[in-house]
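Biologist: I have the file open. Can you walk me through a couple of spots in it?

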Amino acid sequence: MTKQGIIYGVNGPVIYIKGKTEFQMAEMVYVGKERLVGEVIALSRNLTTIQVYEETTGLAPGDEVIGTDAPISVTLAPGILNNIFDGIERPLASIAKASGAYIARGVSVDSLDYEKSWDVTLCVKPGDVVKGGAILATTPETKAIVHKVMLSPNLAGTIVSVMPNGSYTLKDTIATLQKEDGSIVDLTMVQKWPIRIPRPTAARERISLPLITGQRILDTLFPIAKGGTAAIPGGFGTGKTMNQHQIAKWSDADIIIYIGCGERGNEMTQVLEEFSQLEDPKSGNLLMERTTLIANTSNMPVAAREASIYTGITLAEYYRDMGYDVAIMADSTSRWAEALRELSGRLEEMPAEEGFPAYLASRLAAFYERAGMVETLNGEEGSVSIIGAVSPQGGDFSEPVTQNTKRFVRCFWGLDKSLAYSRHFPAIHWLTSYSEYLDDLGPWYNENVAGDFMDCRMKIVELLNQESTLMEIVKLIGSDVLPDDQKLTLEIARVIRLGFLQQNAFHPEDTCVPLQKQYQMMKIILYLYTKSKELVEMGMPVSILRENNIFEKVIAIKYDVPNNRLDALDQYFKDIDAFYEDVLARN
Amino acid sequence: MNIEYMGLSEINGPLIAIEGIRGASYDEIVEITVNQKERKLGKIVEIYEDRAVIQVFQNTDNMSLTNCRTRLTGHPMELALSDALLGRTFNGVGEPLDGQGAIIAEKRADVNGKPLNPVSREYPRNYIRTGISAIDGLTTLIRGQKLPIFSGNGLPHDQLAAQIVRQASLGEDSKEEFAIVFAAMGLKYDVAEYFKKTFEESGVSSHVCMFLNLANDPVVERLITPKVALTAAEYLAFEKGKHILVILTDMTSFAEAMREVSSSRGEIPSRKGYPGYLYSELSTIYERAGIVQGSTGSVTQIPILTMPNDDITHPIPDLTGYITEGQIVLDRTLNGKGIYPPINVLPSLSRLMKDGIGKGYTREDHQDLANQLFSSYAKVGDARALASVIGEDELSPLDQKYLEFGRAFESRFVGQSFTENRTIEDTLNLGWELLKIIPRSELDRVNTKILDQYYPV
């Protein structure tokens, strides 16, 4: 029997049904004549509250609400990658086909293409005893990614029959399973999973690998681990989105889920356009082949914005279960928090700080805890890393969303307005940012890049810290009065800032830099520092050192040395020696 | 439906409630007749069973619980659309003010609009030349962009907007033409007159469609004004293939009106008393800028907002900045120095600029030059701060050069006259000329090849 109710009241995206209903919490419902998608969010003896994922214009008391008996779920099967969805996994291209350039309400489209054939290779045989998560078949989903069709975590039993390898659509049965209670289930490539429930895993594993992004300030100074969490907070115009794009483009994750949550429509269009043209430097495939975009732009309904984050992370967990390293860009989590606030306001809940609901912190925690390096149910190793942008009100990091996010992430990349104003990009400030993964990842860097990688990093950070102390003095009395060793510190810090921390996303060589080059650049800068320091200690003023263009030359390494010609870096050590001799000889 | 409901059950500021209503739906428009002659429009904002809460667009002063008849129209707010919109003046809800009678509708459209599907958008790439150096050079306006002007009371944002309207061109050889949709929310009468006069003087009146809600017009009416205006703009752009420049002024009045209505509805306030849906509401307006694939037209928005107390972190500019693709910030100190337009370039930004300038659009050195100007001008600030402590004479020669650069940059690059229309070449060359004040070794944002060409050793 289908459960149903009759609308009693409408207030923005929230509707009410009077009287006792059969609905359960978090159940997905269809509302009104246009069958708008909604979700039950509160139940009481005389009132059922439903949030609607589409515009409620035109809904009237007396309209019908029909239950589906299932919570809001996503469809998981081949075809997710190289696609763009709205907040509740409806493909935007299909919506455009159905309703034109503008998104109409109540558009009913399948999440995935059920007509398309996939080239399927079966991996099980009759008689196999399988548990949830077991890999049933594989199919090349895109050129870059092999999709592993898994048994839903809720099922287990014995395989009865298996279809031969071949071409199948999502509608086709590829195997049958006898459950432990004896009943037979037809298995297709499709499974459904409720978005608000984390997918189960065998075990959480320790974090030990970095997510390499090719961005110097991230990889070297504030690294994030595979399975880690990071937040990028910053006022408007400081480059949150730009940083997210850079990580999505160049990080060494297998799969990227990009969630545009309450952001600009043109930005999503840009990602779609750009990623369909850019190649992944490692595999040579197009970036879109490993990417899924979830777009709930700021003018799309607010309730679907709240859901988009969960849709994204569920898709990520699904690919993680296949043994992939997945990275999620959530841009921006503040919009999601504001969606919570907006809905909470409509429900007339008691507000906590700044009008946000009191459960903001626990929701944020639950979201970020879905990241991690895990052993999957089928024994593979996979990870979900979350990189969440935060758009603090007024650029003030003391507001509730930033503060609560800080409690649950272990990497904090604080963007700075004054850096952005002077067009120093990425505008991640080296003094306010931190990474708690340093201890976990240090051994990896020392083993895989260079034995003294972490030492070099320490020295760079130290110099930057010294610079900031000295700048306090310079602001008061000017740099002319400083002793020469301190002037040298400022000069080297300038080289670090311009030559190392600043990275040009639009320069073909500089946009993504291999770790080995990052390390060598640090070495060269530190070598320049050691040699210059010797000269200064011998009594040479910094002004004489500056007459040589070696400082400018080191700053320009990022542009002058191509990423595939790292041997050219050795020359710089020789140049620094020459500079040393030259200064000595002439003075 | 022709059922009329007699009387009301409640009147509270701009909100009225009716009981015993049947078949009403959320967001529907109702017509209210007061004393059998005066006609008002309202919108259903809340509905419970047979009780509807209606927000009335005109004032509710002469309404009583008994003298009103309410009729449901059965649809949300609609606007009559046709080519004839251009050259006309309407009030804030789209009724003619110029005595030329109603528009004969070729089509009617829901003013609330619908979200544009990101896959159907075309990424904006063509720049609009405004002839203003600070904008063309450093915060380039792109066709299909939404670029607000953040201003304060008493600053010349109106003049700047008028100058943009007058000078905007799609490049030297383009035959395409602009049309302008002008929406005023809570605007002072004099300012509205000023714009009218400017449009007439520059001979563009026949390409302008004005929607005026003046400061003494009903507050609630201005909640719908930008939506009405954008409906007209979308129609002219995407169905008639025109390039539309939309000026929305003043967005602050719009947000204030929202707060007023929200508070009379007894809603839970979030920041500074504004309702929690301020962001969603602003974004449904701003996101209506853009280009639709397969259409030749475009909608470019220049919203103007006055920052309360010049505070850029106030919720209105703050949320706006998070939605729009950059901002042009006007500065009181520059204005005090007599510099027009007083654009503070450091916090100003055009997010779409990077893809619409450079080789093939403006000139290959444009991006590098802009970066360098930003970076060097940021250093001017440091030098000035130091000078205010130790005095200008004590500064190092380099810092002195920066001060000189700062003065020249403000008076010659940012500053220009109200009628001056500079070409992009002029702007870029001027930028290089000014950079020559500081030593070449300081220019660390420019590619060496470009530096050699424009600033030879």
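Biologist: What is the handedness of the crossing of α6(B) and α7(B)?
Modeller: Right-handed. Keep in mind that this is a predicted model.

Biologist: At what angle do those two helices of chain B pack, and how far apart are their axes?
Modeller: Helix α6(B), residues 278-286, packs against helix α7(B), residues 315-323, at about 50°, and the axes are 10 Å apart.

Biologist: Which residues make the contact?
Modeller: From α6(B), they are L278(B), Y279(B), L282(B), S283(B) and Y286(B). The α7(B) side supplies P315(B), L319(B), T320(B) and I323(B).

Biologist: Switching to chain A. Is strand β21(A) buried or exposed?
Modeller: Buried: six of the six residues in 291-296 are, so β21(A) is largely enclosed by the rest of the structure.

Biologist: Which residues point which way from β21(A)?
Modeller: T291(A), L293(A) and A295(A) point one way, while T292(A), I294(A) and N296(A) point the other. In a regular strand, side chains alternate between the two faces of the sheet.

Biologist: What strands are joined to β21(A) by bridges?
Modeller: β8(A), residues 83-85, is joined to β21(A) by three bridges and runs parallel with it; one pairs N83(A) with T292(A). β20(A), residues 255-261, is also parallel to β21(A), with six bridges. I259(A) has I294(A) as its bridge partner there.

Biologist: Where does the chain go between β20(A) and β21(A)?
Modeller: Through helix α4(A), residues 265-275, in a right-handed β-α-β crossover.

Terms used
Residues numbered from 1 in each chain as written. Chains lettered and ligands numbered in written order. Predicted model: local features only at pLDDT ≥ 70, side-chain atom pairs only at ≥ 80, totals over all residues. Buried ≥ 20, exposed ≤ 12 C-beta atoms within 10 Å, placed from the backbone. Helix = DSSP H or I, 4+ residues; strand = E, 2+ residues; numbered from the N terminus. Pairing = 2+ DSSP bridges. Right-handed = clockwise from strand over helix to strand, strands pointing away. Axes fitted to C-alpha atoms, helices over the stretch in contact; angles between N-to-C directions. Left-handed = near helix turned anticlockwise from the far one by under 90°. Contact = placed C-beta atoms within 7 Å.
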